[in-house]
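Here's a quick tour for anyone who likes geometry spelled out with cut-offs. Have a look at the chain first, then read on.

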Amino acid sequence: MLSFPNSDHSFTQETLLLRITNRIRQSLELQEILTTTVAEVRAYLGTDRVKVYQFQPDGHGIVIAESLSSDRLPSLLGLHFPADDIPPYARELFVRARQRSVVDLSTHAIGISPLNCPETGDLIDQTDIRYRPVDPCHQEYLMAMGVQSSVVVPIVLEGEAAGPYHPPSLQPPNQLWGLLVSHHAEPRSVSETELQFIQAVVDQVEVVIAQSILLDHVRAQAHQESNINQVTALLQTSPMVNWQDVLQAAASSLEADGRLYLVASEQLPTESPREIYTIGEQPALLDSIQQRSIEENLLWQKYMCSGMDTSVDATGHQPWSVEWMRTVYALGKPAQSIATTASCWAIHDIYQEPLFRTLAPFFSNTTIRSALIIPLRQGSQILGCLTFFRRSIDTETLWAGYHNPDTRQLMARQSFEVWRQLKKDQAQEWTTAEIKYAQVLGERFAATIKQYRLYQQVQGLNASLERQVEERTQEVKHRSEQLERSNTELERLVERQTMFVQIVAKIRDSLDIETIFRTTTEAVQHLLNTDRVVIYRFEADWSGEFVAESVAKGWDALLEKQLDNSASRDNISDCTVKKLGCRSVDTYLQDTQGGHYGQGSTQRVVKDVYEAGFSPCYLEVLEFYQARAYVIVPIVQSEKLWGLLAAYQNSGPRNWEDLDIALMQQIGLQLGVALQQAEYLSEIRNQSKQLANTLEELKQTQTQLIQSEKMSSLGQLVAGIAHEVNNPINFIYGNLAPLQEYTQTLLELLQSYQHHYPDPMPALREQLQESDLSYIQADVPKLCASMRIGVDRIRSIVLSLRNFSRLDESEVKLVDLQEGLESTLLILQHRLKPATSGTAIRLEKHYGKLPPIECYAGQLNQVFMNLISNAIDELQAAAIERDASSVITISTSCIDQDWVAVSIKDNGRGIPERAEAKLFDPFFTTKPVGQGTGLGLSISYQIVKKHQGHLLCQSQPGKGTEFVVKLPVRQAAAP
């Protein structure tokens, strides 16, 4: 076995380590440092090969630096090794214990030397190499490689500078970056000193790797910032951006093809169409006929708008975000997908993205494989979309021998001959740094597009303004006088239009047709500066009358003349209106139903009545109107001629302008609409009133039916009970007098017998003593008296029941209200006694002197029954919550000679203020469910209202409730 001499060994180590350190510090390039390091270590150890083995993100490794001494071992530089070559447990020990391994196949032993404690991760003070038998699989693996001895030292990084590979059971900060490996074709022992030297070199290499990673990050960031600055400079070069050059720069910085889609702008003077700029390969159109681009697909459009609404739905995601669409359509995430945001959607492989299945066919004729979609937004406005595409690539990997991953290390590698693996049409994945860079590009593009649109608007407005100025200049040169007239007409038109808008607004502000007519005639008369404006309405027989007028000072009011002189109205109907069609027959309007206005004519314009060829009759009427010129237009309501709108010029002839006639026609149309709306409103109001009346009648009928049925049933029940009880009571009451008389006679006869025969036989004397004859003689009269009192009490109860029911009294008659109150209290007397609450209800009566009242006695008894029952229910419920005594106070009094009042008051908890307004509504109740129907007070209210009285409620929370029934003494005295 080979071995180094011990003389000056430590000196050599220190010198070599210092030299390696200096060489490391002289360079910033990691590959150069690693190449130098493996060469120095191999020279120090004198082995055939020293290499640096780096782990890749998927777990497999690649030799990135190598130093060979001879041809005894083949070169492995650049070759890939499968992840299965190093078991997971060995990788974990590399990280947790920083374990170094030394293999010597001559002794079939493997030496293990942990640098850290596997359990705690703390540094071990004393480290040594402990040997154990080498695993046969490991031995065959090395032999197949041609290696007889090896040394493996892990390269472990910490913190943010750690490498990309993480063993499955490990978490940051410690990460396995790679291995420093020494191979020798002959058996060789390794001392602890050499192992410490290798570890010292590895420690320096770890620092260099960490610095290199950070340096790469800085360089990459600087490169990205340079690219962003370059693109930004192109964006800001000119307000009219050369989007093709900007897109070329942005796509080149990502080594991809590019596509910029700008939505059509609706804010430009002439609507700007969409804009599309492309670099490199592009997908096909969605529709070649309509020229629909890929961005106009519904999925694409929804994703572009998804970031505008930050709310989430039941899925927990924003609507139309990528996560939301996958959740709604129950799609799993693709294996190559990474987290997406509303500002960027990275698709590593468009043929593996389920959401892209409807779009993938449009990429089939291209080599595009990856896409990066960045919506361009500014505030709440969607500006467009920036998209980058990457084409598929063919990959070539050099493996250290053919590897079948399905074997799962069941047998050792048999050969390490180089195996070239070719893969075609592979997707190029987007890195996190590239995605962030693309998002920054999107922000810069969006800001510039917003400025670009604003500039386009300004340019468009300027161009439009220049065009208008040029046109106006030409018009000034050729027709200056015509321009002045046009300006004057334009001003008048604007004034007329403004006034027309005001007239229409006044028409629509009011729903009263008389107000509409009045304001319209006044406004038209002022606007046309004419002497008179009238509205004429046709009757059913096509006669008519003036219904509105606005007349200037100094002229007669036709509306007043029409009211004062009926002959003028007949004259209007017979001559004026019927002559409007230039017919001489008086029955023209009746025959033709409105003349030429009814046949669709839109106006009648007369510049001078004396030059129009009218008949003397018609001229006479026009002179009565004081009219010299006029314009008449029809007012049509629902395609039916309703009337006419007429403007008269009395002071002289007038050449009516087209604007005047057009205004009259427009006002006529608006009046027709107003009439239609007024008619609809009237119908709606009538229907609403009918519905309200019907609803009120239904409610009253319902409550009356319920009350009538309840009263009828209760009255029949009470009357039946009273009748059935009355018969046996009358029988008993009628026999009580004879029974008392017979009993008294027998007692007197017995006393006489005792007087005449004072000494009866011994057996009879003994029987008399046992029967206590003297007690019977004294108690029998008392018993008869008690029976009479009981029967009298039962008769009074029956009488009260009959008085309460009043079944035989269906008409209004004079009734003593206090008698009805007493009958009601007698029926409810059992409820005044102690109940479950254990407290009796005390009754206080304050009866005044009342005259007999005209009323339906049975119905009023029902009112008293409802009010007193409610008071008892409230006091029984309140007794559970408090210890105060329960009192019901009943008072009667005369308000005046025509009105009386009955008050029923309790000292309960009172009624909440919010419930007082609904107290008399049908089916409203403050009682718990199942204890009230909500009809008692409603029925009582209807009964009192039927008697032309008032039922009032006065309540204070915590102090009780008082119901007052106010009734007229005579029904005729009620208001």
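## Ground rules

This is a predicted model, where local features need pLDDT of at least 70 and side-chain atom pairs count only at pLDDT 80 or more, while totals for chains, interfaces and linings use all residues. Residues are numbered from 1 along each chain as its sequence is written, and side-chain values use heavy atoms, with hydrogens and water left out.

Helices (H or I, at least four residues) and strands (E, at least two) are DSSP runs, numbered from the N terminus. "Buried" means under 20% relative accessible area, "exposed" over 50%, and "partly exposed" in between (1.4 Å probe, protein chains only).

## Helix α11

The buried residues of α11 include Ile-516, Phe-517, Thr-520, Val-524, Leu-527 and Leu-528. An α-helix has 3.6 residues a turn, so residues three or four places apart point the same way. After α11 comes Asn-529, with a positive phi near 55°.

Strand β19 (residues 629-637) is mostly covered, with 8 of its 9 residues buried. On one side of the pairing list is β18 (residues 604-606), antiparallel to β19 over 3 bridges; two strands pair if DSSP finds at least two bridges between them. Strand β20 (residues 640-649) is also antiparallel to β19, over 9 bridges.

Val-631 turns up in both pairings: Val-631 is the bridge partner of Val-605, and Val-631 stands opposite Ala-647 in β20. The hairpin of β19 and β20 has 2 residues between the strands, and Ser-638 in that turn has a positive phi of about 55°.

## Aromatic pairs

Rings of Phe, Tyr and Trp (its six-membered ring) pair if their centres lie within 6.5 Å; planes under 30 degrees apart count as stacked, over 60 as edge-to-face and the rest as tilted. By this rule the count comes to 19 aromatic pairs. Phe-546 and Tyr-625 make an edge-to-face pair, 5.9 Å centre to centre with 75° between the planes. That pair links distant parts of the chain, with Phe-546 in strand β17 (residues 544-551) and Tyr-625 in helix α16 (residues 616-625), 79 residues apart. Phe-546 is buried at 5% relative accessibility, and Tyr-625 is buried at 1%.

Then there's Phe-614 with Tyr-630: their ring centres are 6.5 Å apart and the planes sit at 15°, so the pair is stacked. Phe-614 is in the loop between β18 and α16, and Tyr-630 is in strand β19, 16 residues apart. Phe-614 has a relative accessible area of 12% and so is buried; Tyr-630 is buried too, at 0%. Ring pairs also join up a cluster, among its members Tyr-536, Phe-546, Phe-614, Tyr-625, Tyr-630 and Tyr-648.

## Charges over rings

A charge sits over a ring if NZ of Lys or CZ of Arg is within 6 Å of the ring centre and within 35 degrees of the ring normal. The charged end of Lys-51 sits over the ring of Phe-81, 4.7 Å from the centre. Lys-946 lies over the face of Tyr-856, at 4.6 Å from the ring centre.

Is Arg-390 buried or exposed? Arg-390, found in strand β13 (residues 381-391), is buried because its relative accessible area is 6%. The Arg-390 side chain reaches the backbone oxygen of Leu-254 at 2.9 Å. Contact means heavy atoms within 4.5 Å, and Arg-390 touches residues including Leu-254, Thr-367, Arg-369, Ser-370 and Trp-430, not counting residues up to four places away in sequence.

Ala-427 is in the loop between β15 (418-426) and α9 (432-478), and is partly exposed at 21%. Leaving aside neighbours within four places in sequence, Ala-427 is in contact with His-348, Asp-349, Arg-369 and Ser-370. Gln-954 in strand β26 (residues 950-956) is partly exposed at 47%. With neighbours within four places set aside, Gln-954 is in contact with Gly-960, Thr-961 and Glu-962.

Conventions
Polar contact = N/O pair within 3.5 Å; in protein donor to acceptor, adjacent residues only side chain to side chain.
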